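Below is a short briefing for a reader new to this structure.

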Amino acid sequence: MRAKILAIMGVIMDSTVYSNDISAVVEADRAHLWHHLIQHKPFETVDPRIMVEGKGMRVWDALGKEHLDAVSGGVWTVNVGYGRETIAKAVYEQLVKMNYFANSAGSIPGSIFAKQLIEKMPGMSRVYYTNSGSEANEKAFKMIRQIAHKRYGGKKHKILFRDRDYHGATISAMSAGGQEERNAQYGPYTPGFVKVPHCMEYHKQWDVENYGERAADAIEEVILREGADTVGALCLEPVTAGGGVITPPEGYWARVQEICAKYDILLHIDEVVCGVGRTGTWFGYQNYGVKPDFVTMAKGVASGYAAIACCVTTEAVFEMFKDNADDPLNYFRDISTFGGCTAGPAAAIENMRIIEDEGLLANTLAMGERLMNNLHALKEKHRVVGDVRGKGLFCGAELVSDRATREPVSEKMAAAVVADCMAQGVIIGMTNRSIPGFNNTLCLSPALIATPDDIDQITQAMDKAITKVFS
Ligand SMILES: Cc1ncc(COP(=O)(O)O)c(C=O)c1O
């Protein structure tokens, strides 16, 4: 079996002969692999999908079928596209020189990438390496908790999170999770996390004109209810991703910033999806003039070429962890073993160079505008498209059965659209098993290298799929 698999790997690595028998791989997958985010019962009768090659915007599965990937690796990750040899070479060269040492010591790519990253984040100062978005958020939570202990006798320890936001899959990251369906059956959760209302205007919670400010004021109401002296931080996505691609309403962020300053609350921005170019700026928060205390990032940092995530802080936060060197507990007593892997920052340096040299931020803005225009055209054409939202190459189309009441279509119907696009060779995403009754938003996050033809092909597939499913 092993010899057979290696032989197939050889075929795959030698590239592009897909007619060869891949049954041994499928057999091993079906027998032993536990895929993420998916019910496995159907695999008893249907083969699991196995992706074997990617180039640019496209991926090929084990059957040789070509797909245009409109979600950058399924979960908005491969920002610079597939098959980047320069990233692979940078990682190779780094690995043969020095693959790993615990991050209690520095590394050449770790230091260089930290400097380059901070140059893109005015006001920020320190980079803490880790290996997943969940873990980066956990680091921020731990820092916030330790600050509460150091400065406020542990009292100002509560962390606010927002309805519909997602911050990761570990228990404490899920304690800050605003998606009830995703959280169901995994509790009990870590204490001290408190929910604030979402800011989505399409599904209004207040009938007011200045919706953004009103939604931010709802955060203040929670702070006052809990007691400002118990609230240490507020954790928000700049644009909510898996909760429905929710772009913030006008006026929201300015008011959020005011509230944080008023009550001495640290602002933690989760850029795991928006970070490193997705919205057409280096970071999503930079679209809204926000000044965070913590920024976490993961997916696009190295576009999935190596595992890397970062928890970035201001110098003021960092200073709090070295203000009394005589106290043996007075520093951040934390480690992430794989935060010392050098493949991550080596890949991230090259990833960032590609974004700069190829002008991918500008392309993201231009292609994002084209994508939004195309989505607006779909909304004009199909009554089931109730709302379209987005920032840069990060867009969503919400499907509703009734435009007046904004009643969502069922998750099944949205999934049928995704499946039809897949059959056409275009991979799009959707909110799934996250918000009860609201898993009805189609999600798009193509690589930042998308061309006008790619964008049009994506929306043409959606057009056909929506026509078919809802006629
Ligand atoms: C906004 C956000 N934060 C955090 C995470 C968790 O990242 P990871 O899966 O790398 O742990 C995700 C994952 O999708 C995310 O969308």
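Pro 249 counts as partly exposed, because it has 18 C-beta neighbours inside 10 Å; buried means 20 or more other C-beta atoms within 10 Å, exposed 12 or fewer, and partly exposed in between, with C-beta atoms placed from the backbone. The model is predicted: local features need pLDDT of at least 70, side-chain atom pairs count only at pLDDT 80 or more, and totals for chains, interfaces and linings use all residues. Residues are numbered from 1 along each chain as its sequence is written.

**Pro 249**
- Pro 249 sits in the loop between strand 7 (231–236) and helix 10 (252–262); helices (H or I, at least four residues) and strands (E, at least two) are DSSP runs, numbered from the N terminus.
- Leaving aside residues up to four places away in sequence, Pro 249 touches Cys 199, Glu 201, Tyr 211, Gly 212 and Ala 215 (contact: C-beta atoms, placed from the backbone, within 7 Å).

**Helix 14**
- Glu 411, Ala 414, Val 417, Val 418 and Cys 421 are the buried residues of helix 14.
- These buried residues fall within an arc of 125° seen down the axis of helix 14, so they line one face of the helix; the arc is that of the directions from the helix axis to the C-beta atoms.
- Lys 412 and Ala 419, on the other side of helix 14, are exposed.

**Ligand**
- The ligand is surrounded by 16 residues, the closest being Ser 132, Gly 133, Ser 134, Gly 168 and Val 272 (near: C-beta atom, placed from the backbone, within 6 Å).
- Helix 6 (residues 133–152) gives the most to this shell, with three residues.

Methods: Two residues are in contact if their C-beta atoms, placed from the backbone, lie within 7 Å.
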